[in-house]
Amino acid sequence: MGKGKLAKFADMKTYPHVFECPYSVVEAAPFELKGCWSEDFFHNDHPLVLELGCGKGEYAVGLARLHPEKNFIGVDIKGARMWTGATESLAGGLTNVAFLRTDISIIDRFFAAREVSEIWLTFSDPQMKKETKRLTSTFFMERYRKFLIPDGLIHLKTDSNFLFTYTRCMAEANRFHMEACTDDLYRSGAAEEALHIRTCYEQQWLDRGLKIKYLRFRLPETVDLHEPEVEIPLDDYRSYNRHKRNGLLTSK
């Protein structure tokens, strides 16, 4: 029998590579590792990469294994899920991965200017009803570039045609440099090993016959950002157990 939530939370309080920082904590005092993650925690000068909405942390752990020359931080608010990757990385002796449990809407409170080189967004909730909740919206892009290096990389890997189309249109509308864009990753011939890390949720989508989409672009430091003025068909499913949506057909 697996561990319950309370047992997992108790475990993570003892993990040296897990930081739990709700809004009330960072409001009361600045986060102590902001601006010095590499020096004070990882003890090296390797590039810092974030996985936002990391879920069970499978991608963050997989990337850490593939790229010992980089440091990785998985970020999510769901601690019971995060326990899986945090436990696996600790048991495996990985020293280049950490986890931050917090709300992504305040992510800029944890990293200093130009401290992060890349962001991965893996199977994020498409948030079809409200654009400011989408992790690829200009609302979040404004936060990301407070701590990304100039022209830092952002990766999106998703099952959602809505989120893929929205993000592509947003990148095009703001003239971001697009390095990769495919609506069928596993038939595209993409050879990058990191793209073939599969989370349990990704495998569910593949088992249902859904295509996996991927795009990668660079976020400029100073360009004024604006939302794309497009109508995008909504996904006709929301979760593994719910196949159809009711109501509106497009985002406008």
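Select Phe19 and Trp37 to begin; both are buried. This is a predicted model. Now look at the two rings. Phe19 and Trp37 form an edge-to-face aromatic pair, with 5.4 Å centre to centre and 85° between the planes. Color by secondary structure next. Phe19 sits in strand 1 (residues 18–20) and Trp37 in helix 3 (residues 37–42), so the pair ties together parts that are 18 residues apart in sequence.

Move to Phe139 and Phe140. Their rings also make an edge-to-face pair, at 5.2 Å centre to centre and 80° between the planes. Which of these two is buried, and which is partly exposed? Phe139 is partly exposed, because its relative accessible area is 31%, and buried means under 20%. Phe140 is buried, with a relative accessible area of 5%.

Phe19, Phe31, Trp37, Phe41, Phe42, Phe110, Phe111, Phe139, Phe140, Tyr144 and Phe147 form one cluster. Both pairs visited so far belong to that cluster. Across the structure there are 15 aromatic pairs.

Next, the nonpolar core. The largest one has 46 residues. Which members touch the most others? They are Trp37, Ile73, Phe111 and Tyr144. Now select helix 7 (residues 161–173). Helix 7 gives the most to this core, with six residues. A second, separate core has 27 residues, including Met12, Val49, Trp83 and Trp205.

Center on Ile73 and show its surroundings. Leaving aside neighbours within four places in sequence, Ile73 is in contact with Trp37, Phe42, Leu48, Val49, Leu50, Glu51, Ala98, Phe99, Leu100 and Phe111. Two of these contacts, Trp37 and Phe111, are also among the core members that touch the most others. Val49, another contact of Ile73, belongs to the second core.

Glu51 is found in strand 2 (residues 48–52). What is the nearest side chain of opposite charge to Glu51? It is Lys157, 9.4 Å away. Glu51 is buried yet has no salt bridge; the cut-off for a salt bridge is 4 Å.

Now show the side chain of Thr122. The Glu51 side chain makes a polar contact with the Thr122 side chain, at 2.4 Å. Finish by displaying the other residues around Glu51. Not counting residues up to four places away in sequence, Glu51 touches Tyr59, Ala60, Ile73, Gly74, Val75, Trp120 and Thr122.

Methods
Residues are numbered from 1 along each chain as its sequence is written. This is a predicted model: local features need pLDDT of at least 70, side-chain atom pairs count only at pLDDT 80 or more; totals for chains, interfaces and linings use all residues. Side-chain values use heavy atoms; hydrogens and water are left out. A nonpolar core is a set of buried Ala, Val, Leu, Ile, Met, Phe, Trp, Tyr and Cys residues joined through side-chain atoms within 4.5 Å. Buried means under 20% relative accessible area, exposed over 50%, partly exposed in between (1.4 Å probe, protein chains only). Helices (H or I, at least four residues) and strands (E, at least two) are DSSP runs, numbered from the N terminus. Contact means heavy atoms within 4.5 Å. Lys and Arg count as positive and Asp and Glu as negative; His and the chain ends are not counted. A polar contact is a pair of N or O atoms within 3.5 Å; within protein, one must be able to donate a hydrogen and the other to accept it, and residues adjacent in sequence count only if both atoms are side-chain atoms. Rings of Phe, Tyr and Trp (its six-membered ring) pair if their centres lie within 6.5 Å; planes under 30 degrees apart count as stacked, over 60 as edge-to-face and the rest as tilted.
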